[in-house]
Amino acid sequence: MGDTPLPEKLLDVYGRLLGRYGPQGWWPGDTWFEMMVGAVLTQAAAWGNVEQAIVNMKGAGAMSPRAVRGMPVERLAKLVYPSGYYNAKARKLKALAEFLGNRFNDDLEAMKREDPWALRAELLDVHGIGEETADDMILYPVGSPIFVIDSYTRRVFSRLGITPEKGPYSAYQAIFMDNLPADAELMGEFHALIDHHAASICRPEPSCHGCCLLDVCPTGARRTRN
Ligand code: SF4
């Protein structure tokens, strides 16, 4: 893929991953608010533990911005205990719910009408929301085309020789924003596929034999040479 233009390279990787794994159905959640809650709770947590915390919140009738605002933070912390850092995460959920109420009257459609980059800047001002979390929220529940960067993306694309492994989030994100169609469905599916691939095959110790990207991957070529 040495001389292939970057847009074609990225779409080739996308097509291969989609062909191998199929649609991932992200982001899991019954409501837009549940998706946003998941984006906060998944910080430094395995998804299985996040699911348990979400089950707890739903069981307690706490899966709405209004319910979160009205709940003592100590009670919320007990509900999200399985996701780890539960005191901090309870405070983050309270801050998110306050923001959603004050700024958008808990109305997703009002958020959708915002310019996504302006919305992103506002989310980044909310306690506990960083770039990856804000982009998860804008891409999935809001449905605007913003590419999410995480450690899995960095690992896979540095091994493919398309990006450096390190670098500021914005520079990394620009590689995808500048070379992919502005299509939220495609970007959401691509991010999910990358995470699935990195968690199952392109792990810290990758399983390159049989990888669907092997013939376009310089790292895989080196590792399977002998
Ligand atoms: S060939 Fe190996 S290093 Fe390359 S993407 Fe596949 S698993 Fe990762």
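Q: Why is Asp-30 called exposed?
A: Its relative accessible area is 63%. Exposed means over 50%, buried under 20% and partly exposed in between, with a 1.4 Å probe and protein chains only, so Asp-30 counts as exposed. This is a predicted model, where local features need pLDDT of at least 70, side-chain atom pairs count only at pLDDT 80 or more, and totals for chains, interfaces and linings use all residues. Residues are numbered from 1 along each chain as its sequence is written, and side-chain values use heavy atoms, leaving out hydrogens and water.

Q: What makes the link between the side chains of Asp-30 and Lys-58 a polar contact?
A: The two side chains are joined at 2.7 Å. A polar contact is a pair of N or O atoms within 3.5 Å; within protein, one must be able to donate a hydrogen and the other to accept it, and residues adjacent in sequence count only if both atoms are side-chain atoms.

Q: Why does Ser-158 count as buried?
A: Ser-158 has 19% relative accessibility, so the label buried applies.

Q: What does the side chain of Ser-158 reach?
A: That side chain reaches the backbone oxygen of Arg-155 at 3.0 Å.

Q: Which residues does Ser-158 touch, not counting those up to four places away in sequence?
A: They are Thr-163, Pro-164, Glu-165 and Tyr-172, where contact means heavy atoms within 4.5 Å.
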